[in-house]
Amino acid sequence: MRWVRLFAGMGWILMILYPRWFGASSGSNTLGVTFALLLLIAGCGARQYPLPSKLIKGTKQPLQTSRPYNFAHRGSNGELPEETAPAYLRAIEEGADFIETDILATKDGVLVCHHDVTLDDTTDVADHKEFADRKRTLVVQGVNTTGFFVVDFTWTELQTLRAKQRYSFRDQQYNGKFPIITFDEYISIALDAPRVVGIYPEIKNPVHINDHVKWPNGKKYEDMFLDTLEKYGYKGSYLSEDWLKQPCFIQSFAPTSLVYASNKTDLPLIFLIDDVTVLTEDTNQTYYEITSDEYLDYIKQYVVGIGPWKDTVVPVVNNYLIPPPSDLVAKAHARGLQVHPYTYRLENQFLHFDFHQDPYNEFDFWINKVGVDGLFTDFTGSLHQYQEWTSPLPSDHPSDTSLWQKIKKMLRGH
């Protein structure tokens, strides 16, 4: 295995030093993502993504701030298993402004990237007979939940598992090939990108984690989360010089965690809002309470925006939108809050009939009619292509590679 690890290690260095060789900055990125996948498969016995290499020198292409942000929801998980290194690398190649993740904790306190509190739906844990006795039932957010819980596994044990695609109608060929990654590895992927790429980690299920995982010196989950960001130099208020160097939004459905975090960091915070039927996990408040004028006046002291589920902003009945949109976006904007709805997916079962099975119609509706400030999508490339066609970056922006700008340059030459 020594030569395999050597190949993987050298490959990562070449990919970081010469990203253009692997499609990171070109229109064709098939070679880049294929090479990344091969490296991850080859190096499966060791750490799956190197910690920040610091090999990239010079000035990076800056984050665009002139149009709504493209948030890669759990990476480009429409194509690759969610929250894996290849999913994040693919999202960066496809033009993501930010890569988004959910942070949970292992039994021994390691912070990892994983959405569900259980491992059942997105890993091969059920195939590991040595863990059969770990399955149990716990109450999470007031619901009896049965499965293999992340908090019942050590980091060493989690490393033996492999990710799989959540939805059966998506590409299954990468099932069983990629491991769970740590918070540190996720950050490293963003920091080693050939351009400035933001991160968007979630303080996920803090009540559940603090109930089951303990750290030394009285620290709790939120402390460990914020300490990790500080360790890698993430700091600064929204659009400050420090923030633009290493952009980061911190998100959570738990308002008490956001208030706590606001006293320990100046990074911008986003309050996530679930379905109308779901209570906040830490304060047991209803959707209508947390979207009221009074509550928005309160929470705006601590956050720079909200992240609502899109079907609560524009209600849906029988897969048709029921216009007009609620006043939530207007109320948020009136208070200086950004709005980052989730989640935009391309498959027909996720597209409402109003959009005629065309995701570009959906993007147009939310960006130009509702007026949101960013979108969480499973398909980073599609949103990026839509924005390049409809709102290309200014011609003086270093990343301007839109077709329209190319056409204008061609016309100037005649």
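Predicted model: local features only at pLDDT ≥ 70, side-chain atom pairs only at ≥ 80, totals over all residues.
The largest nonpolar core comprises 97 residues, among which I99, L229, Y234 and W366 touch the most other members. Helix α5, spanning residues 183-191, gives the most to this core, with a contribution of six residues. In soluble globular proteins, nonpolar side chains tend to be buried together. The surroundings of L229 were examined with its neighbours within four places in sequence left aside; on this basis L229 is in contact with F183, I187, I199, P201, Y234, C248, I250 and L267. One of these contacts of L229, C248, counts as buried because its relative accessibility is 0%, where buried means under 20%.

Cysteine C113 likewise counts as buried, at 2% relative accessibility.

Helix α3, formed by residues 85-93, is mostly covered, and nine of its nine residues are buried. In sequence P86 and S76 are ten residues apart, and their C-alpha atoms are separated by 8.4 Å in space. Just after α3, the backbone at G95 takes a positive phi of about 105°.

Strand β13, covering residues 374-377, is buried on both faces: G374 and F376 lie on one side, and L375 and T377 on the other. This strand is joined by four bridges to strand β1 (residues 69-72), and the two run parallel. Across this pairing, F71 stands opposite F376 of β13.

A further buried position occurs in a loop. Residue K204 is placed between β6 (198-203) and α6 (206-212). The relative accessible area of K204 is 9%, and the residue is therefore classed as buried, the limit being under 20%. When neighbours within four places in sequence are left aside, the contacts of K204 are D102, I103, L104, H115, I209, Y221 and F253.

Definitions and conventions. Residues numbered from 1 in each chain as written. Heavy atoms only, no water. Core = buried A, V, L, I, M, F, W, Y, C linked by side-chain atoms within 4.5 Å. Buried < 20%, exposed > 50% of the residue type's maximum accessible area, 1.4 Å probe, protein only. Contact = heavy atoms within 4.5 Å. Pairing = 2+ DSSP bridges.
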